[in-house]
Amino acid sequence: MLHDSNVLGHERPLVIRISFTSCVLGTVCLPLLGLITCVFISSAFHFEDSTGTHCQVPNYLPSISASISLSPECYIWRFCIGLHSAPRFLVAFTYFKFYKTRFNSKSPESSLSCLNLAFSISENLGLLLLTYVSSSETYFVHKEGFVLFIISSLIYMLITCHLWKAIKKYSLSSGDAKSHHWKVRFLILNVTFCAFAGFFYWKHNMYCESGSYTFFALFEYLVVFSNMAFHLTAVWDFKSQEVMIISSSEDKDF
């Protein structure tokens, strides 16, 4: 005799399956679309406010900090970063679990995977800090959040490239070699863009030359884009994996 599970008080669990690829794409696309939207709105509607600096010289692009500090740009950016932060932590712990299965617990890479997780979390926390404390509100806190994000992301990418070099060495998969190949290239691009952004920022503050801050803003965008591209390589690393969301209610006796 068959019985309806709902009648007996036992509800079937709700299972939602999401491909890890979709999760990664969503995690990367949210801040990407948010940044492009904020820069566009700032350039189109708040050009003077978003491009003005203490040097009072012509500038043609808003910096990221300026474009996410105005309204409604700040709310768009905060929405995108807030929504993407939970999947970002999920990806970080997924990588940590993945490395633990690849490396012996006594190997140096096993210890590095723990450090990698710490810097991945630190990078995300730095991004949240610079997002929710704008430069127009508390500049010092916003600046520290930005520094935390940049330093953590660079160290995270360096450690990740080392770990994938070790994985590639003993792997027969062409996908692992491809992932390491592009991770290294995006790291090199990121470091290069950071150096150029730092140079033009220094040049602007030192000499107040017209156009220096515009180049700083441009390379700042490229720093963020190369960082996003690096994180996007997770699509190759977990292309066959799924994220499962299971919801079930406990049995109740009446």
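A cavity here is a set of grid points where a 1.4 Å probe fits but cannot get out. This is a predicted model, and a search through the whole of it turns up 2 cavities of 30 Å³ or more.

The second largest cavity comes in at about 30 Å³. By type, that's 6 nonpolar and 3 polar, with no charged residues.

## The largest cavity

The largest cavity holds about 370 Å³. Helices H1 (20–45), H3, H4 (73–102), H5 (108–132), H6 and H8 each give two or more residues to its lining.

In total 30 residues line this cavity, and Arg88, Leu127, Phe149, Asn227 and His231 sit nearest its centre. The lining splits into 18 nonpolar, 8 polar and 4 charged residues.

## The largest pocket

Now for the open space: the largest pocket takes up about 780 Å³. Of its 29 lining residues, Ser65, Tyr139, Tyr201, Tyr213 and Phe216 are nearest the centre.

H6 (139–170) is among the helices that supply at least two lining residues, along with H2 (47–51), H3 (64–67), H7 (174–207) and H8 (212–232). H6 gives the most, with 7.

## Phe196 and Phe216

Phe196 belongs to helix H7. Its relative accessible area is 39%, so Phe196 counts as partly exposed. Between Phe196 and Phe216 there are 7.4 Å in space, C-alpha to C-alpha, though they are 20 residues apart in sequence.

Methods
Residues numbered from 1 in each chain as written. Predicted model: local features only at pLDDT ≥ 70, side-chain atom pairs only at ≥ 80, totals over all residues. Heavy atoms only, no water. 1 Å grid on protein atoms, 1.4 Å probe; cavity = no way out; pocket = protein on both sides within 12 Å on 5 of 7 lines; lining within 4 Å. Points joined across faces, edges and corners; volume = space filled by probe spheres on them. Helix = DSSP H or I, 4+ residues; strand = E, 2+ residues; numbered from the N terminus. Buried < 20%, exposed > 50% of the residue type's maximum accessible area, 1.4 Å probe, protein only. Nonpolar A, V, L, I, M, F, W, Y, C, P; charged D, E, K, R; others polar.
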